[in-house]
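Thanks for coming, everyone. Let me walk you through one structure. Please have a look at it first.

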Amino acid sequence: MANYHQTVIAGHLGRDPEVRYLPNGDAVCNFSVAVTESWKGKDGEKKESTTWYRVNAFGKLAEICGE
């Protein structure tokens, strides 16, 4: 049995998804998602941190992401 990991990333798109096609006709979609976390520091001041995720999708999922 193959091992796999599934992750849910909820955030904001950094730009429109880019769809390209490989020579064999398979679709590939690339896009970035920004996830911002905010909290109060020990000093009571609000702090924020943004993490960017680069996402690659292939095949039918790539075509759906491109829409």
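**How the strands pair**

Strands β1 and β3 pair in the antiparallel sense, over two bridges. Two terms before I go on. Strands are DSSP runs of E with at least two residues, numbered from the N terminus. Two strands pair if DSSP finds at least two bridges between them.

A word on the source. This is a predicted model, where local features need pLDDT of at least 70, side-chain atom pairs count only at pLDDT 80 or more, and totals for chains, interfaces and linings use all residues. Residues are numbered from 1 along each chain as its sequence is written, and side-chain values use heavy atoms, with hydrogens and water left out.

Back to the strands. Next, β2, residues 18–21, runs antiparallel to β3, and four bridges join them. There, R20 stands opposite V28 of β3. The hairpin of β2 and β3 has five residues between the strands, and G25 takes a positive phi near 95° in it.

Now β3 and β4. They pair in the antiparallel sense over 13 bridges. V28 turns up again: its bridge partner in β4 is F58. This hairpin also has five residues between its strands, and here G44 takes a positive phi near 85°.

**Two residues in contact**

Take S32, in strand β3, residues 27–40. Is S32 buried or exposed? Buried means under 20% relative accessible area, exposed over 50%, partly exposed in between, with a 1.4 Å probe and protein chains only. S32 has a relative accessible area of 16%, so it is buried.

Contact means heavy atoms within 4.5 Å. Leaving out residues up to four places away in sequence, S32 touches H12, L13, G14, W52, Y53 and R54.

W52 sits in strand β4, residues 46–58. Its relative accessibility is 52%, so W52 counts as exposed.

**The cysteines**

How many disulfides are there? A disulfide is a pair of cysteine sulfur atoms within 2.5 Å. By this rule the count is zero. C29 is buried, at 0% relative accessible area. C65 is partly exposed, at 25% relative accessibility.
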